[in-house]
Amino acid sequence: MSNPAPDTAARYVQVMHERHDVAREAAWLRTLRESAVARFADLGFPLQQDEDWKYTDVRPIERAAFMPLPLDAATPRIPDASQFRLDGVSGPRLVFIDGRFSAPLSDLGGVPRGATVTTLADALISQPQVLAAHLGRYIPDDSHGFIALNTALLSDGTFVRISAGTRMEQPIHVLYLATANGALLLPRNLIIAERDSQVTIVEHYAAVGEMAYFTNSLTEIFAADNATVEHYRVQDENRTAFHVSGVHMQINRSSRVTTHALDLGGRLVRNDLRAVLADSGGECHLNGLYLATDRQHIDNHTHIDHAQSHCTSREFYRGVLSGRGRTVFRGRIIVRPGAQKSDARQVNNNLLLSRDAEADSQPQLEIYADDVMCSHGATVGQLDENALFYLRARALSDADARDLLTFAFAREVLDRVRLAPLRARVELRLAAAMRRGAPREAHA
Amino acid sequence: MEASSRDIETLVRREYKAGFVTDVESDAVPAGLSEDVIRLISEKKREPDFMLEWRLRAYRQWLTMRAPQWAHVHFAPIDFQSIVYYSAPKSRDDGPKSLADVDPKLLETYDKLGIPLRERELLAGVAIDAVFDSVSVATTFKDKLAALGIVFCPFSEAVQKHPDLVRKYLGSVVPYADNFYATLNSAVFSDGSFVYVPKGVRCPMELSTYFRINASKTGQFERTLIIADEGAYVSYLEGCTAPMRDENQLHAAVVELIALKDAQIKYSTVQNWYPGDEQGRGGIYNFVTKRGACRGENAKISWTQVETGSAITWKYPSVILEGDNSVGEFYSVAVTNNMQQADTGTKMLHIGRNTRSTIISKGISSGRGQNTYRGQVKVLKSAEKARNYTQCDSLLIGDRCGAHTFPYVEVRNPTASVEHEATTSKISEDQLFYLQSRGLTAEDAVSMVVNGFCKTVFKELPMEFAVEAQKLLGLSLEGAVG
């Protein structure tokens with residue numbers, strides 16, 4: 001490489017070894033980490049030559065050389081996190097400041113009998129056998145370097161386990177708040193929904209201040225037979241932050257998982273979402289909304305694997321681009337041999353509001369069975385002239401008419417968000433983004 | 001002093017010459033590729049220096065390249081040193097003496113396609129009656145075209161007779177360093193077609209390789225160049241529905257189309273090379289680079305292809321839409337049966353204002369065939385109000401085949417509008433039942449449903465071609481439904 005970038009990958013490997021040496025961990029966790037260290041040492045950061053990273057250049061992350069906070073670092077000053085609360089939600093709340101659990105800001109009340117909601121660090125002590133059986137099990141063999149990085153250095157995150165037949169009505173709100181400059185944050189979450197259980201979880205990423213940092217998060221979801229899981233990932237990092245996330249799920253017989261990926265912030269964002277429909281009757285619904293403005297780069301890769309017959313998948317991702325925003329969508333659907341009666345539908349729509357924005361969309365179908373119903377659609381376009389004219393004729397200003405239509409476009413995704421306080425929150429963010437006037441330049 | 005230098009000169013030249021003479025005499029160039037082989041090809045074709053230099057540049061480039069791996073196809077690596085890159089034009093005695101000597105299976109196919117006897121002989125490579133040759137339709141057509149100023153000849157002839165045109169346009173759409181197989185083609189291409197339609201001329205007939213069959217055999221590295229000058233129109237047909245006798249396994253052709261202002265080029269292909277047997281043994285590897293450039297305003301390039309043959313097809317006819325208001329179209333039917341693999345699609349590159357493109361792709365997989373659509377629509381910043389519509393549908397017959405869709409949509413202009421739609425489904429049991437209950441056999445029913453599925457593409461083909469293509473489709477899918 002011509003750029004004399006610091007050899008960040010090598011430094012990470014060094015830190016991995018240092019931590020590995022001092023940690024007194026169970027054998028299974030050591031093995032898990034060791035293989036992740038080896039994998040990261042082998043893979044390093046993804047390169048653009050790799051088809052999966054064709055449109056996303058992660059060299060800025062490498063150059064910035066973000067470092068994990070030392071294990072014995074002083075507890076950070078507690079910021080005011082009240083603005084990030086979801087009003088009207090009374091479920092348990094976990095708050096992590098720079099990756100470390102903050103007991104004073106969290107509230108673990110309201111957890112019904114049969115449900116465990118705690119930190120991953122706690123679960124490693126209190127439920128080691130459950131973790132040994134699940135942690136790292138849902139990550140594909142061909143995973144990239146960032147996933148190995150998370151596993152090699154994982155220390156804390158959220159652990160949720162809902163026992164068979166338990167229905168948890170109130171959503172779990174997990175807030176990852178960043179305050180430290182130059183930090184590498186590695187949240188790791190594990191969600192286990194046992195038979196006939198039900199749970200809703202909100203992963204919320206935000207920051208206090210305008211410093212640069214890097215969140216590399218990883219979530220694994222296991223939905224046992226007939227379980228219902230609703231997962232929200234609200235990415236509202238600051239505009240100088242880097243965010244790489246992975247959500248990996250295994251969906252079993254007749255279970256149903258719904259995910260909502262809401263990307264509002266971040267400078268360079270890459271999300272990998274992978275759903276394996278591992279037994280018949282499984283269902284997954286993937287919704288996504290991404291707003292890219294200024295110089296934001298948001299890359300969403302989704303991968304739905306119809307491994308068994310009679311499964312259903314629905315995917316609906318929409319993007320609003322303004323300024324110099326750049327977005328990537330790649331949605332892959334694989335129907336394995338023998339996965340008959342698979343029903344997959346995927347739609348990606350992009351609204352381009354400025355001259356300098358760029359949207360790349362790659363819906364992909366890979367089908368090895370014949371009795372299937374699969375379709376995908378992708379569009380890139382602008383606001384409908386007729387609709388604009390209609391609103392203008394009703395005395396709305398041009399800017400207002402554009403805002404209204406843009407809002408309506410995004411609303412179609414938000415309408416699927418069942419958690420009302422969250423929906424309201426994102427709507428406000430959307431409205432604020434438009435009032436800043438970003439989309440109006442489109443008219444120039 | 002003068003004398004001695006002349007001596008040296010002659011000496012040098014003689015050695016140089018002699019090296020080739022032996023080769024020419026033996027007329028059997030050993031398998032493999034080297035600069036000498038390229039010099040020899042160029043020499044034998046009596047090409048001007050610029051062609052040789054171009055070939056050599058391509059060859060040197062090719063040495064630095066690696067075969068692409070991204071296509072969704074699997075095959076054993078090709079040994080490029082085992083290929084014979086030049087064989088002297090075949091003498092007529094090589095072919096079968098009469099139709100009685102031809103493989104009866106091939107004859108059966110001709111019969112089903114309803115191909116006239118005379119053409120069957122041509123296709124099977126039967127030595128052609130000299131009388132027939134001299135009064136062939138082709139000659140009559142050639143006179144008619146010449147009167148309009150249209151140049152339609154083998155590529156090697158164009159290099160001799162129209163070097164300026166060749167020099168100006170060759171490699172201007174597909175540069176010699178474009179990709180692994182195109183670069184190989186640039187170095188060793190054997191022959192192909194050259195078409196030039198002058199300003200404002202509308203070519204009165206469909207130009208077809210068919211008419212050129214009495215000319216030289218094109219070989220495995222075909223190179224075609226078609227230029228439509230301002231306001232010209234030409235429709236070109238490539239290939240034919242009947243299976244051709246062919247011994248070469250690797251085919252790496254390059255086709256370049258250039259449409260200037262207000263010009264229109266329509267390029268139709270029916271490809272039905274040997275697909276290999278049911279176990280996937282043998283069969284042609286068809287790795288083709290086809291690209292057209294709309295160089296002026298209102299230019300239009302339209303690709304229509306029916307791909308039923310070859311063991312592996314790797315082909316993306318593309319259009320570069322440079323001129324304002326230019327139009328690109330791509331209509332495709334790709335069929336894979338048995339062990340066939342196809343990775344095909346198109347690229348539409350929007351550069352000019354108000355450029356429009358349409359992509360209609362129909363993929364049919366049966367047996368253990370793998371059919372992939374891979375297409376790119378790229379709208380650059382300058383392409384104000386660019387418009388694209390893409391539809392790719394896949395039909396699956398049988399539970400061991402695969403259909404894959406990999407579109408790439410890249411948009412950098414907010415006034416552009418790009419749509420992509422794709423569906424994949426099984427052939428409808430209800431439709432088959434309906435047709436069979438009305439007395440159609442299972443095979444006829446499948447053929448009818450498939451033809452309906454492909455109708456939007458077939459209607460783009462010239463009429464006679466369309467009729468043949470329909471029959472061909474039925475044949476390709478034979479045995480797909482038990």
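Helix 1 (residues 8-22) and helix 2 (residues 27-43) of chain A pack at an angle of about 165°, and their axes sit 10 Å apart. That makes helix 1 of chain A roughly antiparallel to helix 2 of chain A (angles over 145 degrees count as roughly antiparallel, under 35 as roughly parallel, 65 to 115 as roughly perpendicular and the rest as oblique). You're looking at a predicted model, so local features need pLDDT of at least 70 and side-chain atom pairs count only at pLDDT 80 or more, while totals for chains, interfaces and linings use all residues. Residues are numbered from 1 along each chain as its sequence is written, and chains are lettered from A and ligands numbered from 1 in the order in which they are written.

**Helix pairs in chain A**

- Helices (H or I, at least four residues) and strands (E, at least two) are DSSP runs, numbered from the N terminus.
- Helix 1 of chain A passes helix 2 of chain A in a left-handed crossing (the near helix is turned anticlockwise from the far one by less than a right angle; clockwise would be right-handed).
- On the helix 1 side, A:Tyr12, A:Val13, A:Met16 and A:His20 meet A:Arg33, A:Val37, A:Phe40 and A:Ala41 of helix 2; residues are in contact if their C-beta atoms, placed from the backbone, lie within 7 Å.
- That contact of helix 1 with helix 2 of chain A divides into six nonpolar residues, one polar and one charged (Ala, Val, Leu, Ile, Met, Phe, Trp, Tyr, Cys and Pro count as nonpolar, Asp, Glu, Lys and Arg as charged, and the others, Gly among them, as polar).
- Helix 2 of chain A also meets helix 6 (residues 145-153) of chain A: their axes come within 8 Å and cross at roughly 145°, and this crossing is left-handed.
- The contact of helix 2 with helix 6 of chain A has eight nonpolar, two polar and two charged residues.

**Where the chains touch**

- 32 residues of chain A are in contact with 30 residues of chain B.
- Strand 20 of chain A gives the most to the side of chain A that touches chain B, with ten residues.
- The side of chain A that touches chain B splits into 15 nonpolar, ten polar and seven charged residues.

- Chain B has 14 helices and 20 strands.
- Of the 482 residues of chain B, 48% count as buried (20 or more other C-beta atoms within 10 Å of a residue's own; 12 or fewer is exposed, and in between is partly exposed).
- The largest nonpolar core has 233 residues, and B:Ala259 is one of those that touch the most other members; such a core is a set of buried Ala, Val, Leu, Ile, Met, Phe, Trp, Tyr and Cys residues joined through C-beta atoms within 7 Å.

- Most residues other than glycine have a negative phi.
- A:Asn226, though, has a positive phi near 60° and is found in the loop between strand 10 (214-223) and strand 11 (228-236) of chain A.
- B:Asn325 also has a positive phi, of about 60°, and is partly exposed, with 18 other C-beta atoms within 10 Å.

Technical notes
Axes are lines fitted to C-alpha atoms, for helices over the stretch in contact, and angles run from 0 to 180 degrees between N-to-C directions. Two residues are in contact if their C-beta atoms, placed from the backbone, lie within 7 Å.
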